[in-house]
Amino acid sequence: MNAIAISGADFLREHLRARLTLVLLVAIPALFVVASASVLGEFAAALGGSVAGDSASALGAGWAAAFLAGALGFFQVSSSREADRRLALAGMGAARVAVARISASIVLGVLISVVAFLTLLLSTGVTHPAHTFVAILIFALIYIGIGTLVGSFISGALEGSLTVAFIFLFDAFSGPGMSDSGGIAGVMPTRKAADVLIDAGAGMGSPVGDWIAVGLITLGALALAAAAFWLSARPRST
Amino acid sequence: MAPNTGAGDNSTVRGAVLQASGVEKSFHRGVPPRRRRIEVLKGAGLEVRRGELVGLVGENGSGKSTLMKIVVGLLERDEGVVERSGKLGYCPQVPLLWEKLTVDEHFELFARAYELEAATASAAESLLGELQFERYRSYRIEELSGGTRQKLNLALALMHEPDLLLLDEPYSGFDWETYLRFWEMSERRRDEGMGILIVSHFLSERERLDRIYELRDGRCVEA
């Protein structure tokens, strides 16, 4: 195995060996999906939105994946910043550390999405499995970008996780189906992904334009994450 | 004692593996109107040659670790020149490790970074034996005592036999026997030609060191 594969596997192992992470990996999707059908619908009605039923459950699975991916993305950067920089200085280089970190993050994103998807499948059933899974994965990947970006600017665990939670809450409650607000809500990164996921939950297809938009947003988020990992690991000039 | 603000022209210093001169660094702390600038280094310079064991001492907050991080490349300097040659080994003051990975996994990771390949096993075996922590090789870092973490921290800096070894208070947490063994290891490597710079609080190790710089008022003074 080459250096990137070994370090990527180690970075992944680092998260999967944390028992609490594993518990949350199962508990958060269960909580979001099971609770979301009724609670999200009530919230949406109060905020002027219209999401309900299976669409609300599907959206809950997406938000569960987003929340977990955002938190893990943040801690991937903030908890190992100095150690990653030491490894880069030892000869690995910031670019290879960043590739290993982003690879581990994507694998974590896929794992999180699989758990959220399976929870949704067991809870309400899924009419369009591929459409639904990809939409959930998009939520996770976008939030990996948000979490790592926050982690590259904020090093404190409390401040950083609160910032990720704030972005998540604003994004979730101002998104499509949840409210009728325009303004900044219209430019939140998961807006199109939420449209796609609501369509999947309702058993409908999504317009090609929406898929192109979410594809571009996801690539942008991953590019941001890679840049954040690189910035974090890069040695300073000597 | 005269302030040493520069290490001189590189061509005139034979066998130097590290030369730093005129290094300045300040930090900004607080928010307006209480924002203030703290000057830590005001033109510090030092030099380490092959086969030399050099100490860097100073009071708490004098800037020893800041200078070390600048020399290593972990921190940007405001002004000055730093020149290194050969392979670098760095042992930070606080062990920079991954809590959930094992000792063996750390050796493997750093072996790849140093591109040691086939020599990995023997390099790791030798250091595990030398520092006497073989039995912990399958332990995760979170399961290790402070002293054992520090042994691994040191071993990772040494495993590729660097030309320049930078040690930032490397023996904090060591028991007396390990402390003595650390000095034996350092002296042996110095005799084999390694250039070593050790940051310490104390001047008590004066007799073990070839030269000592004291960091005072942001400048290095050769003691």
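How do H1(A) and H5(A) lie to each other: parallel, perpendicular or oblique? Let's work that out. One caution before we start: this is a predicted model.

First, the geometry. H5(A) covers residues 94-123 of chain A. The axes of H1(A) and H5(A) come within 8 Å. They cross at roughly 45 degrees. Angles under 35 degrees would count as roughly parallel, and 65 to 115 as roughly perpendicular. H1(A) and H5(A) are therefore oblique to each other. As for handedness, H1(A) passes H5(A) in a right-handed crossing.

Who touches whom? From H1(A), the contact takes in Ala3(A), Ile4(A), Ser7(A), Gly8(A), Phe11(A), Leu12(A) and His15(A). Facing them in H5(A) are Arg96(A), Val97(A), Val99(A), Ala100(A), Arg101(A), Ser103(A), Ala104(A), Val107(A) and Leu108(A). By class, this contact of H1(A) with H5(A) holds 10 nonpolar, 4 polar and 2 charged residues.

H8(A) is residues 191-201, and H9(A) is residues 208-233. Their axes sit 9 Å apart, at an angle of about 135 degrees. Roughly antiparallel would need an angle over 145. H8(A) and H9(A) are therefore oblique to each other. Here the crossing of H8(A) past H9(A) is left-handed. H8(A) brings Lys192(A), Ala193(A), Asp195(A) and Val196(A) to the contact. H9(A) answers with Asp210(A), Ala213(A), Val214(A) and Ile217(A). The tally for H8(A) with H9(A) is 5 nonpolar, 3 charged and no polar residues.

Next, the interface. How many residues of chain A are in contact with chain B? There are 22, and they meet 22 residues of chain B. On the chain A side, H1(A), residues 3-16, and H4(A), residues 81-92, each supply at least two residues. The largest share comes from H4(A), with 9 residues. That side of chain A divides into 9 nonpolar, 8 charged and 5 polar residues.

Last stop, chain B. Its secondary structure comes to 5 helices and 10 strands. Along the principal axes, its C-alpha atoms fill a box of roughly 50 × 45 × 35 Å. Buried residues make up 47% of chain B. Take the contacts in chain B with a separation of 6 or more: 74% of them join residues 24 or more positions apart.

That's the tour. Over to you.

Methods:
Residues are numbered from 1 along each chain as its sequence is written. Chains are lettered from A and ligands numbered from 1 in the order in which they are written. This is a predicted model: local features need pLDDT of at least 70, side-chain atom pairs count only at pLDDT 80 or more; totals for chains, interfaces and linings use all residues. Two residues are in contact if their C-beta atoms, placed from the backbone, lie within 7 Å. Helices (H or I, at least four residues) and strands (E, at least two) are DSSP runs, numbered from the N terminus. Ala, Val, Leu, Ile, Met, Phe, Trp, Tyr, Cys and Pro count as nonpolar, Asp, Glu, Lys and Arg as charged, and the others, Gly among them, as polar. Axes are lines fitted to C-alpha atoms, for helices over the stretch in contact, and angles run from 0 to 180 degrees between N-to-C directions. A crossing is left-handed if the near helix is turned anticlockwise from the far one by less than a right angle, and right-handed if clockwise. A residue is buried if 20 or more other C-beta atoms lie within 10 Å of its own, exposed if 12 or fewer, and partly exposed in between; C-beta atoms are placed from the backbone.
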